[in-house]
Amino acid sequence: MDPYSAEGELINIHNHFHQGQYQEVVDFDTSAFSTENAIPAQVLVLRARIALGQAKDVLAQVKGKPEPDLEVLGAYAQYDLGEVDASLKTVEKLATSAADNVTVQIIGGTILQAAGKSDDALALLSQHQGSLEAVALIVQIHLHQNRTDLAVKEVAAARRWAQDSLLVNLAESWVGVRVGGEKYQQAFYVYEELAQAPATASLKSLVSQAVCELHLGRLEEAQIALEQALSKDPQYAEAIANLLVLNTVSGKDDSQYLKSLKEADPKHRLLVDLEEKSALFDRAAQKYSAKVSS
């Protein structure tokens, strides 16, 4: 039996993780899991701890462990801590010696993509044998590459064998937000259901709902969802970034959220993008600067 299927024993902890409910994953009672699912459950718990900012503790826990699952998690913790070269060295070694390990595929693919090695990430992830998380990562990479056509095909293929899985619904929603049109509303329904149900609500689902509201032109509703996320965590960078976008779209003063985002996450991709575009504008403006002749 697939442990992640509706009847599998990992389904609840797995869904908690992908719903962004990381503390629920850490607090999950895994003592009753079968021996064969002990490592997959531990992997989810350690990944959740990294997501919660506990990478240093995770690295100390897995250091020296010979299992590929734990070794690649150590590399993930290193990457999160800024030890990029050491992390990539471990991933490249495991991509050769343990490429059939699903945790190596998923975590290794994540690290390679984050390091800008998209082709290597796809090569590793493509070796999966029915892993929906590998499919989801492949979809994200294709979207990052602006290959929406390939992302659409990947989701359609997964839908044929995974049916109504949470990860397939999420992947389809990511693609929908990129495609636009009526797909915005379809993605909204998925995120709204997750965000508003107490059992599945998380910061991630609230922000995702708000992004769909923004695309649909429902600015007031988007603001409510983002403020709800900030009430749970005032330093949540994704909520701040989207409030910055919302204020800009609304023509309101965005200086407050710009300052807050710089404090919460100085290297946030929105700030990096703004800095790059500002520099490009300045260089372009210099070509057209006024020249005064005597």
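Trainee: Which hand does the crossing of α5 and α6 have?

Mentor: The crossing of α5 and α6 is left-handed, a term used if the near helix is turned anticlockwise from the far one by less than a right angle, with right-handed used if clockwise. Helices (H or I, at least four residues) are DSSP runs, numbered from the N terminus. Please note that this is a predicted model, where local features need pLDDT of at least 70, side-chain atom pairs count only at pLDDT 80 or more, and totals for chains, interfaces and linings use all residues. Residues are numbered from 1 along each chain as its sequence is written, and side-chain values use heavy atoms, with hydrogens and water left out.

Trainee: At what angle do α5 and α6 cross?

Mentor: Helix α5 (residues 68-80) and helix α6 (residues 84-97) cross at roughly 155 degrees, and their axes come within 7 Å. Axes are lines fitted to C-alpha atoms, for helices over the stretch in contact, and angles run from 0 to 180 degrees between N-to-C directions. The crossing angle therefore makes α5 roughly antiparallel to α6. Angles under 35 degrees count as roughly parallel, over 145 as roughly antiparallel, 65 to 115 as roughly perpendicular and the rest as oblique.

Trainee: Which residues make that contact?

Mentor: From α5 they are Pro68, Glu71, Val72, Ala75, Tyr76, Gln78 and Tyr79, and from α6 they are Val84, Ala86, Ser87, Thr90, Val91, Lys93 and Leu94. Contact means heavy atoms within 4.5 Å. By class, there are nine nonpolar, three polar and two charged residues. Ala, Val, Leu, Ile, Met, Phe, Trp, Tyr, Cys and Pro count as nonpolar, Asp, Glu, Lys and Arg as charged, and the others, Gly among them, as polar.

Trainee: How are α1 and α3 arranged?

Mentor: Helix α1 (residues 11-18) packs against helix α3 (residues 38-51) at an angle of about 20 degrees, with the axes 10 Å apart. That angle makes α1 roughly parallel to α3. Their crossing is left-handed. On the α1 side, Ile13, His14 and Phe17 meet Ala41, Leu44, Val45, Arg47 and Ala48 of α3.

Trainee: And what is the angle between α11 and α12?

Mentor: It is about 140 degrees, and the axes of α11 and helix α12 (residues 182-196) are 8 Å apart. This makes α11 oblique to α12. The crossing is left-handed.

Trainee: Changing topic, which residues line the largest cavity?

Mentor: The lining consists of Leu132, Val135, Ala136, Ala158, Leu167, Val168 and Ala171. The elements that give two or more residues to this lining are α9 (132-144) and α11 (166-179). By class, the lining has seven nonpolar, no polar and no charged residues. A cavity here is a set of points, on a 1 Å grid over the protein atoms alone, where a 1.4 Å probe fits but cannot get out, and lining residues have an atom within 4 Å of a point.

Methods:
On a 1 Å grid over the protein atoms alone, a cavity is a set of points where a 1.4 Å probe fits but cannot get out, and a pocket is an open set with protein on both sides within 12 Å along at least five of seven lines; lining residues have an atom within 4 Å of a point.
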